[in-house]
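Here's a quick tour of a protein model, written for someone just starting out. Take a look at the structure, then read on.

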Amino acid sequence: MTRDSRYDILFEPVRLGPVTSRNRFFQVPHCCGMGTQYTETQAAMRGVKAEGGWGVVCTEECMFHMTSETGSYPDPVLFEDRDIKAMAVIAEAIKKHGSLAGVELAHHGMSAENLYSRMAPLGPSSRPQFYGKPLHTKAMDKTDIRDFRRWHRDAALRAKAAGYDVVYVYAAHNIALPMHFLSRRYNDRTDEYGGSLENRVRLIRELLEETKDAIGDSCCVAIRFAVDELLGDAGITKDGEGREVIEMLAELPDLWDVNISGWANDSQSSRFSEEGYQESYVAFVKSLTSKPVVGVGRFTSPDAMVSQIKRGVLDLIGAARPSIADPFLPNKIDEGRIEDIRECIGCNFCISINNQSAPMRCTQNPTVGEEWRRGWHPERIAAKGSDDKVLIVGAGPAGLEAAHALGKRGYEVHLAEARREIGGRITAESALPGLAAWGRVRDYRAYGISQMGNVSVYRDSLMGPGELREFGAAHVVIATGARWRKDGVGRRNPAGIAGAGDHPVFTPDDIMAGAALQGPVVLFDDEDYYLGGVLAEKLRADGLDVTLVTANADVSAYCHNTLEQERIQARLIELGVTIIPLHNLAAIEAGEVELACVFTDRRRRLECASLVLVTGRKPEDSLYRSLTTDRGGIKTLTRIGDCVAPATIAAAVFEGHRYARELDGPAQGDVPFLRERVG
């Protein structure tokens, strides 16, 4: 297939100072939980993106001095010359495929913790450290500022020595020291670095000038700048100081990378934003500078990308999450295969794992992070090792991914689904408020399977042990998912909840199946992820009086990791959902529930006509267990996904993919992947 001529503009080269990007696809700096602690893992991950056609591939933020170190969090560093070697490994992997390699030099300033170095965090003024730690920043004197500029210049030279083509001055996301100097909230200085905007922007100007002087002959010097903090007059705005900064520095950098701040605004989930949502904030930048401009917006549609270029919004299409979901997105557009794009669903699961200091994962792309340690490639998979037939029972995320990957390997695959609709929990959950984009997990795999003559899908096919034995498949895979529990067994109530067996309760399965509830509704969320909040939103939209009870201090607490928690809580408050934090559900009685304070066990009663329990899930593994004693002619019998251990959709997709990769592969040892070694 050949490229649609409408997309030719996306493949035009773009000059970035002294270097040139081969096209307009720009993987902006994004965290990945790898750093240089997992150098080979990151190098392989970034290298695959370059292979997939991204003209520029950047690392994440790279700390350049011990006054801003992230302790156990795996950020890369360029503190000293001996750090060059590890960073060079990543740059080499990117440039091997003809892409430019970029690095974002970063200093967290007032948000730094420095748990390892034990150095005081630095800032323009003395203020409490951002994240609730019992320490203050040191107000930088002139010597500190001169040192800071020298550290940045030295790091830029190290980045050049490591082979990087694009080197950033980082002033975005409310975590960068140059942004702290710019901010009226944090900078109360009375010298030439404080007061007027011209003074507050001085440090950024000096960093740009000195970086260009040091490496500008051969490297693009970029700036990442947040044009709006969404704080109104209290912060930087696109119509105020954000615009003025662009005007002041317009021609100084070789590239403007513009966004909104902080990170939770810049990386909004699909639940709260649409593709291209940053356009209204950044569209003015190109009118003020002749230099190329890159921006983001969770772009997956080539038509949306072309529109941004032709309308003069951006020169380069920036992406973080879409490049994770499909590292080969540019090549697929180039080859006329846009139907094959594995579109980002905007769930922010990648961010959630990164925020737990582990190599990121992706709901859509199970190979990310496994490129080096397992040798998995997002577009290539080994051919089948036999002519055995495979039967998969259950077309949820695990079953669909297993069928899709096995089909690519060339196996004859039969996928049986008891319902008319395929997709399992994806189909049910994507019908809930804000989660429509999650249906892409099903749609990508369903489309891929539909193009394979060797994969058959049987709908409305409830299969029992006898049918499975008679089917004649050498390999049977059980992917029958899980059901939400009605007994209240969960994290806070491992023995269940008193009265759960005596009074009717509803589960998420019931609500997604269309059960009619009466108000007032009490929803007890013991899972702490997204579903409790989404269901409360749905029930409130249905006109019901809803109270959400959680043992945490806030709702959907895990969603702090996905950068959504504040938006979730705000939406529920705005909708009129009553929130009762720091309480467990102790007992269920006729027409009411009993709550217990998590600290004192003090009890209170609450009127309740309908009780919804979002607690634990129980694997639907009865079919598997019925076959374990009599498999008949079945060679292998395997469970995958939620019917083994209920978890996230990402985990189910991963397990389905792993099964497909490992069928007829070499035996897996106790450590089934490569481990990074130091030294």
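Predicted model: local features only at pLDDT ≥ 70, side-chain atom pairs only at ≥ 80, totals over all residues.

**Nonpolar cores**
- The largest nonpolar core has 83 residues, and Leu10, Tyr164, Leu182, Phe225 and Ile333 have the most contacts inside it.
- Leaving aside neighbours within four places in sequence, Leu10 is in contact with residues including Phe25, Met305, Ile309 and Ile333.
- Another core, of 37 residues, lies apart from the largest one, and Trp438, Leu523, Val577 and Ile649 are among its members.
- In soluble globular proteins, nonpolar side chains tend to be buried together.

**Helix α3**
- Helix α3 runs over residues 142-161, and at 1.5 Å a residue its 20 residues should span 28 Å; the end C-alpha atoms are 29 Å apart, which agrees.
- Among the buried residues of α3 are Ile145, Phe148, Trp151, His152 and Ala156.
- Arg146 and Ala161 are exposed, on the face of α3 turned away from its buried side.
- At the start of α3, a side-chain oxygen of Asp141 comes to within 3.1 Å of the backbone nitrogen of Thr143.
- Just after α3, Gly163 has a positive phi of about 105°.

- The Ser261 to Gly262 peptide bond is cis, and Gly262 sits in the loop between β10 and α8.
- The Gly519 to Pro520 peptide bond is cis too, with Pro520 in the loop between α18 and β18.
- Asp460 isn't a glycine, yet it has a positive phi of about 50°; Asp460 is partly exposed.

Note on methods:
Residues numbered from 1 in each chain as written. Heavy atoms only, no water. Core = buried A, V, L, I, M, F, W, Y, C linked by side-chain atoms within 4.5 Å. Buried < 20%, exposed > 50% of the residue type's maximum accessible area, 1.4 Å probe, protein only. Contact = heavy atoms within 4.5 Å. Helix = DSSP H or I, 4+ residues; strand = E, 2+ residues; numbered from the N terminus. Expected span 1.5 Å × (residues − 1). Polar contact = N/O pair within 3.5 Å; in protein donor to acceptor, adjacent residues only side chain to side chain.
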